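Visitor: I am new to this structure and would like to know what the labels rest on. Please show it to me, and then I will ask.

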Amino acid sequence: CNAARRMVDDSPPPTTSPRRDGTLTAGHNLRTGTSCFTADFSCCHGTLTLLVVACGQANAPAQRCVILYLHNASLRGGQVERLRDLPVVRCATSAEAAILPCVLLIPLCPLRTEWSKLPMLTLLETFLAALTDGWLEQSHASSLNYNIESKRVLVMGHSMGGRGAWTLAARAPSRVAAVVSVAGGGNPMLAPLLVPRPPVWLFHASSDVMVPIRESERLFERLRDAGASPRFTRLDRQLGHDCEAAALGEAALWAWLRRCVFDAEAHAPDAIARETTPDCQIGAGQGGTQGLRSTV
C-alpha cells in the first residue's frame with residue numbers, strides 16, 4: 001500500500017478530455033436539474049472513461065458531495081451510455097436521495113480485467129487522489145457550476161464493483177468518506193486498514209449464489225474484530241445477486257452517507273459506534289422488496 005501511494009504522489013498531473021453527451025431522458029425519473037455527460041481521465045497508468053451525473057440545479061447554495069461508483073462485471077468493455085441504466089443513477093436522483101446532493105462518477109471498466117486487479121486499482125487510486133485534489137472542479141468548472149465537497153469521496157459498488165470499492169478504500173482510507181459494498185465481498189485481511197475510518201456499510205442477499213453472503217459476513221466480522229463499527233444489511237432471500245436496487249433505494253442509506261460527508265462528529269469512531277443497533281428492521285427500498293433485515 002505504501003508503495004502504491006508513493007507511485008500516486010510521483011505521477012505526472014492527470015489530463016482530461018470532456019465530451020458533452022446531452023441529458024438523461026425523463027424515463028429515468030430524474031429530479032429536475034439533473035444533467036449527464038461523459039469525460040475521460042488520463043494519467044501515466046491509463047485512461048478512465050466516465051459517466052458524470054450531476055444532480056440538482058447549478059449555482060444552488062448546497063454543497064454537492066462526490067460519489068465514485070464501480071459497476072459489476074457484466075458491463076465491462078461496453079458503451080459508457082449503458083451506465084445510465086444502473087440502479088445507482090435512479091437511486092441517487094430519487095426523492096429518497098434528495099437529502100444528499102451529489103455528483104455521481106461511474107467509470108467504465110475495460111474487458112478482461114477487474115476493479116480490484118492491480119493495474120486498474122492503481123489507476124483508480126490515482127483518479128481518487130486527483131478527485132480529492134480538485135480535479136473535478138478544475139476540469140469541469142463550466143459543466144459543474146456547483147459548490148463541491150471533494151476532499152473525501154464516497155466509494156460504492158456492486159459485485160465486482162463492491163470488491164473494488166472495499167480494496168480501493170483500504171489503499172487510500174484518508175481520501176474516502178464512506179464505503180458501501182453491495183454483494184461484493186473482498187479480502188478480509190484488509191479490514192484493519194479501514195479502522196478507525198472510513199465507515200463501512202455492507203449489503204448482501206442471503207440467497208446470493210454468485211457471491212455467497214459469507215463473503216460479506218467475513219468482512220463484517222473482521223472489521224468488528226479490528227475495533228470498527230460497520231453496518232451490515234442482510235437483504236430478502238428472493239433477491240439473489242441482483243440486489244443493487246433494493247440496497248441503494250433505502251432512504252436510511254442516503255441519510256447515513258450525508259452524515260459521513262458533512263457531519264464532523266460522524267467522522268469520529270465513537271460517533272459511528274453510537275449509531276450501532278443490533279438486528280433491526282428497515283423498510284422496503286426503491287427496489288420494492290419487503291422485509292429487508294439489517295444488522296446495523
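Visitor: Why is Arg112 called exposed?

Guide: Arg112 has 78% relative accessibility. Exposed means over 50% relative accessible area, buried under 20%, and partly exposed in between, with a 1.4 Å probe and protein chains only. Arg112 therefore counts as exposed. This is a predicted model, in which local features need pLDDT of at least 70 and side-chain atom pairs count only at pLDDT 80 or more, while totals for chains, interfaces and linings use all residues. Residues are numbered from 1 along each chain as its sequence is written, and side-chain values use heavy atoms, with hydrogens and water left out.

Visitor: Where does Arg112 lie, and what is its phi?

Guide: Arg112 is in the loop between E5 and helix H3 (118–132). Helices (H or I, at least four residues) and strands (E, at least two) are DSSP runs, numbered from the N terminus. The phi of Arg112 is near 60°, a positive value in a residue other than glycine. Most residues other than glycine have a negative phi, and most peptide bonds are trans.

Visitor: What can be said about phi in Ala183, and is Ala183 buried or exposed?

Guide: Ala183 is not a glycine, yet its phi is positive, at about 50°. With a relative accessible area of 0%, Ala183 is buried. Ala183 belongs to the loop between E7 and E8.

Visitor: What makes strand E4 largely enclosed?

Guide: E4 covers residues 63–70, and seven of its eight residues are buried, so the rest of the structure largely encloses it.

Visitor: Which strands pair with E4?

Guide: Two strands pair if DSSP finds at least two bridges between them. Seven bridges connect E4 with strand E6 (residues 147–158) in the parallel sense, and four connect E4 with strand E5 (residues 102–107), also parallel. Among the bridge partners, Leu68 goes with Val155 in E6, and Val66 goes with Val103 in E5.

Visitor: What makes the unit of E4, helix H2 and E5 right-handed?

Guide: A crossover is right-handed if, with the strands pointing away from the viewer, the path from the first strand over the helix to the second runs clockwise. E4, helix H2 (residues 87–92) and E5 form a β-α-β unit that is right-handed.

Visitor: Why is Glu137 called partly exposed?

Guide: Glu137 has 26% relative accessibility, so it counts as partly exposed. Glu137 is part of helix H4 (residues 135–139). Beyond neighbours within four places in sequence, Glu137 is in contact (heavy atoms within 4.5 Å) with Leu131, Ile148 and Ser150. Glu137 and Ile148 are eleven residues apart along the chain, and their C-alpha atoms are separated by 7.3 Å.

Visitor: Why is the pair of Phe127 and Trp135 called edge-to-face?

Guide: Rings of Phe, Tyr and Trp (its six-membered ring) pair if their centres lie within 6.5 Å; planes under 30 degrees apart count as stacked, over 60 as edge-to-face and the rest as tilted. The structure holds six aromatic pairs. In one of them, Phe127 and Trp135 are 5.3 Å centre to centre with 75° between the planes, which makes the pair edge-to-face. Phe127 is buried at 0% relative accessible area, and Trp135 counts as buried at 4%.

Visitor: What makes the pair of Trp201 and Phe203 stacked?

Guide: Trp201 and Phe203 are 5.2 Å centre to centre with 15° between the planes, and the pair is stacked. Both residues, Trp201 and Phe203, are buried.
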